[in-house]
Amino acid sequence: ALPQSNVDSERHDDLLMDGFRAQAELLSVPCEAVVRRALRERTSLILEGVHVQQAILDKIPDRGDAVTILVTLAVLNPRRLRENFERRAAQTKDRRAERYLANFDSIWRLQSRLLAEADQSQTPIIENVSRDQVIRDALVTVVDHLAKQFSLCENDVFPHRPIVS
């Protein structure tokens, strides 16, 4: 978050989003460079991280025949998210995991806002339940996207697709 004084929770959330957007803007330059290089070299790329936003792709107007798919990965249960941070703190013994736990409420509110933005922009949201489930849901999302982009009948491609959260 950006520096704050005594502010109400709504203003705190606005500062939190402003801080996130400032970080995302700083990271957009190297992310954009990585995407441009992959396009130039015609190399497949998975670029992941909470700061990877649609704005990065919007800065690259000519993507040629590249297929770009943005998804949002989320832990939708606050107890499970806290447990993930606690497990990370126990496994890595670094201060970063402890910082996540200390700022858990802000992280949860930030994720809620990012999920609302994903909903509004119709970005698929994949629930991080287990590694296998995330991989399945991501593959379904990619297949669905390709089917729509290349005008294939979705039912012919993947007739019994699971619902992606």
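**Notebook: loops, rings, core and charges**

**Entry 1**

I began with Q122, which lies in the loop between α5 and β2 (125-127). The model is a predicted one, and I read every value below as computed from it. I looked up the backbone angle of Q122 and found a positive phi of about 60°, although Q122 is not a glycine. Is Q122 buried or exposed? Q122 is exposed, with a relative accessible area of 72%.

I then turned to R42. R42 is not a glycine either, yet its phi is positive, at about 55°. I placed R42 in the loop between α1 and α2 (54-58). R42 has 64% relative accessibility, so I noted it as exposed.

**Entry 1. Aromatic rings**

I searched the whole structure for aromatic pairs and got three. I took F85 and F104 to begin with. Their rings are edge-to-face, with 6.2 Å centre to centre and 80° between the planes. Which elements does this pair join? F85 sits in helix α3 (residues 78-92) and F104 in helix α5 (residues 104-120), so the pair ties together parts 19 residues apart in sequence. I checked burial for both: F85 is buried, and F104 is buried too.

Next I looked at F104 with W108. This pair is stacked: 6.4 Å centre to centre, 20° between the planes. The planes count as stacked because the cut-off is under 30 degrees. F104 and W108 are four residues apart in helix α5, which puts about one helical turn between them. I compared their accessibility. F104 is at 5% and counts as buried. W108 is at 21% and is partly exposed. The limit for buried is under 20%.

F85, Y100, F104 and W108 form one aromatic cluster.

What sits over the ring of F104? I found the charged end of R82 there, 4.1 Å from the ring centre.

**Entry 2. Nonpolar core**

I asked which residues make up the largest nonpolar core. There are six: L16, M17, F20, A24, L110 and L114. I traced them to their elements. Helices α1 (9-41) and α5 each supply at least two residues of this core. The most comes from α1, with four residues.

**Entry 3. Salt bridges**

How many salt bridges does the structure hold? I counted seven. I followed up several of them.

I took D14 and R113 to start. Their closest N and O atoms are 3.1 Å apart. D14 lies in helix α1 and R113 in helix α5, so this pair ties together parts 99 residues apart in sequence. I noted the accessibility of each partner. D14 is partly exposed at 27%. R113 is partly exposed at 28%.

I moved on to E25 and K59. They form a salt bridge, and the closest N and O atoms are 3.3 Å apart. This pair also links distant parts of the chain: E25 is in helix α1, K59 is in the loop between α2 and β1 (72-74), and the two are 34 residues apart. E25 has 47% relative accessibility and counts as partly exposed. K59 is partly exposed as well, with a relative accessible area of 32%.

Then I checked R37 and E41. Their salt bridge has its closest N and O atoms 2.8 Å apart. I looked at where they sit: both are in helix α1, four residues apart, and about one helical turn separates them. R37 is partly exposed, at 48%. E41 is partly exposed, at 43%.

I kept D137 for the end. D137 lies in helix α6 (residues 131-149). D137 is buried, yet I found no salt bridge for it. How far away is the nearest side chain of opposite charge? R136 is that residue, at 5.9 Å. I then looked up the polar contacts of D137. One joins the side chains of D137 and Q133, at 2.8 Å.

Methods: Residues are numbered from 1 along each chain as its sequence is written. This is a predicted model: local features need pLDDT of at least 70, side-chain atom pairs count only at pLDDT 80 or more; totals for chains, interfaces and linings use all residues. Side-chain values use heavy atoms; hydrogens and water are left out. Rings of Phe, Tyr and Trp (its six-membered ring) pair if their centres lie within 6.5 Å; planes under 30 degrees apart count as stacked, over 60 as edge-to-face and the rest as tilted. Buried means under 20% relative accessible area, exposed over 50%, partly exposed in between (1.4 Å probe, protein chains only). A charge sits over a ring if NZ of Lys or CZ of Arg is within 6 Å of the ring centre and within 35 degrees of the ring normal. Lys and Arg count as positive and Asp and Glu as negative; His and the chain ends are not counted. A salt bridge is a side-chain nitrogen of Lys or Arg within 4 Å of a carboxyl oxygen of Asp or Glu. A polar contact is a pair of N or O atoms within 3.5 Å; within protein, one must be able to donate a hydrogen and the other to accept it, and residues adjacent in sequence count only if both atoms are side-chain atoms. A nonpolar core is a set of buried Ala, Val, Leu, Ile, Met, Phe, Trp, Tyr and Cys residues joined through side-chain atoms within 4.5 Å.
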